[in-house]
Amino acid sequence: MGSAVAAPSVNQETKKKKYPYYIEKPLEEGRVQKFLEIFAAFLRHSNYKPLLEIYSRASTKCSRCANTCQIYQATGDPKDIPCYRSNILLDIYRRHFTIGGWLRGRILGDPGLQEETIDEMLDTFYHCTGCRRCSLECPMGIDHGLMMRLTRNILSEMDIIPKALLVSVREQLEGKTANTSAIPAPAMMDTCEFLEEELEELTGHPIKFPIDQENVEYVFFPAVSDYLLEPDTLMGNAAVLYAAGDQDNWTIGSQYFDGINYGLFYNDAILGRIVEKEIAETRRLKGKKILIGECGHASRSAKAFAPTFNDGEEIPVISIQEYTLNAIEQGKIELDPDAIGETVTYHDPCNIARSGWLVEQPRKILKSFVKNFVEMEPHGKANYCCGGGGGTVSVDEVYDYRMKVSGKIKADQIRATGAEIVVAPCANCKKQLKELVEFYKIPATVVGLHDLILRALRLPPIDKSSEENNEQKSQEEQILEGSGTHA
Amino acid sequence: MAQIELAGKMFDIDEDGFIQDASDWDENVGAAIAPTEGVTEMTEEHWKVVNYIRDYYLEFGVAPMVRKLCKSTGFDMKKIYELFPSGPAKGACKIAGLPKPTGCV
């Protein structure tokens, strides 16, 4: 009887959990048991177990990663050291899923996972932006970014996930519009028509955004938010494809046109389902390659995981940056070296730079036409995150954290370059960096890579010269044919 | 879900005060939301932006691209931010009764 009375008071204590971000269905009770059940399922049904076995033995908690982490450098809180964070999960693994841990519970009375640890995890694993800079320094080869993703994955399976990510992905996978920004296909097409008019006004050329063209080389998936926020990036993309002679060789699919994949940040199953949608749309249109627009995580999720989730014939993934560099190197497009007078710096999106995949390509592009190019230090593989990685940029309620903590070092870095233009080929980074330069009053403009390319792209004057050519030709024809009947 | 009374009607709102059912919106409701986004008085210029967004939303189901908004209203981004200090997506769209933008917006 006594215990029956005591139980509700414990429950009351556990009610009204505080979450650092909005949660749609906050789980109030049974969180510990649920976490352990889901963790156990992961160990049974995925490849994480051998990895955790190695990591839990290899981790020495040496904290060498502390030097690399911009979160720890901003807060100085030992709890923000990457290996401290990973150890929370590894310790749950040791205690609940190894014989040593079982003994620890039986002999030493270690009570195991507690409610407070759930609170700590749902907070600290969203402090991490998943930039994986720490992976460069860990002498034991531990990928703390992966531990972050696994923990978030378990939490998301118990509905602990920022609402901003959840509702976006739900619309992408189950909604009518099938994209994270809930843009209906007719609206996307209306925007494309508008951008075609803008391009015609700007260049005089009939540059198109082809929709649902079949049997083309490239099916294009930008971060879908570009259709709301980034006209110059999209126009730059289309203009380069046009200038390189591929106007009829690329398309946007009206049934699925979003490159964004938040699954990369918190849930492997969702990551797979989103990649499968890109593959299915490419296959529907009989396209040969997946072309990803300017977006770090969209590029990485497709490039790294299309082979994993594609059951059929291989579909290569390329980034628009690779495409454009190739067009420059093959002499298909020409950029005006006098078009950009400003000092320009380049921000490496972590998801394409940390692995070394897209580090040199954007620099070769920029240096081919930008006179005053300055690097941030450090840069390339060792770059600092914009501070909004891992999906946090979409979580408005952590704005203060992104400005004052996670983005602080990046703001210092940008200011130190003295650059007037910051190029960031990533929708996610651009949003964060635009907010950062505004917050810190840094006199710099943040743009995409193709925004600058659009300014410098040399296109032949079209209207008059082509008419003249036609006239000339018809005169030649007249002479050759000896006929004066042509008008 | 929280509720709020705006211009005599009750609305469900999300955590950031975006109304959930856009069909019940009218200009009085827009004017009642405006002060929460730092707009003290809805002038003709404010309405030009809000009405354009509203009409576009009713036709296409989403807010217009920012460049299109500027071009159609004749206001540049600077002017839009002067009118709506919290910006077009979070400020003007909220006053126009649109749901909170999702994704990388």
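How many salt bridges does the rule find across the interface of chain A and chain B? In this predicted model, the rule finds 8 of them between the two chains. One pairs Asp232(A) with Arg67(B), where the closest N and O atoms lie 2.7 Å apart.

On the side of chain A that touches chain B, the elements giving two or more residues are helix 9 (163-174), helix 10 (185-203), helix 11 (226-229) and helix 12 (231-243) of chain A. Helix 10 of chain A provides the largest share of that side, 8 residues. By residue type, the side of chain A that touches chain B splits into 17 nonpolar, 6 polar and 9 charged residues.

What about the extent of the interface? In contact terms, 32 residues of chain A meet 20 residues of chain B. The size of an interface is often given as the accessible area lost when the parts come together. Here the area buried between chain A and chain B is about 2,300 Å², and carbon and sulfur atoms give 57% of that area. Three residues, Tyr22(A), Phe194(A) and Leu228(A), supply 25% of the area that chain A buries against chain B, more than any other three residues.

Now for the strands. Strands of a sheet pair through backbone hydrogen bonds, either parallel or antiparallel.

| Strand pair | Sense | Bridges | Residues opposite each other |
|---|---|---|---|
| Strand 1 (218-221) and strand 3 (289-292) of chain A | parallel | 4 bridges | Val219(A) and Ile290(A) |
| Strand 1 (2-6) and strand 2 (9-13) of chain B | antiparallel | 5 bridges | Leu6(B) and Lys9(B) |

Chain A has an open sheet of 4 strands in the order 2-1-3-4, with parallel pairing. Strand 2 (250-251) and strand 4 (317-319) of chain A are at the edges with a single partner strand each, so one side of each has no neighbour in the sheet. Helix 12 of chain A packs on this sheet and touches strand 1, strand 2 and strand 3 of chain A. The direction of helix 12 makes about 170 degrees with that of strand 1 of chain A.

Terms used:
Residues are numbered from 1 along each chain as its sequence is written. Chains are lettered from A and ligands numbered from 1 in the order in which they are written. This is a predicted model: local features need pLDDT of at least 70, side-chain atom pairs count only at pLDDT 80 or more; totals for chains, interfaces and linings use all residues. Side-chain values use heavy atoms; hydrogens and water are left out. Contact means heavy atoms within 4.5 Å. Buried area is the accessible area (1.4 Å probe) that two parts lose on being put together, summed over both. A salt bridge is a side-chain nitrogen of Lys or Arg within 4 Å of a carboxyl oxygen of Asp or Glu. Ala, Val, Leu, Ile, Met, Phe, Trp, Tyr, Cys and Pro count as nonpolar, Asp, Glu, Lys and Arg as charged, and the others, Gly among them, as polar. Two strands pair if DSSP finds at least two bridges between them. Axes are lines fitted to C-alpha atoms, for helices over the stretch in contact, and angles run from 0 to 180 degrees between N-to-C directions.
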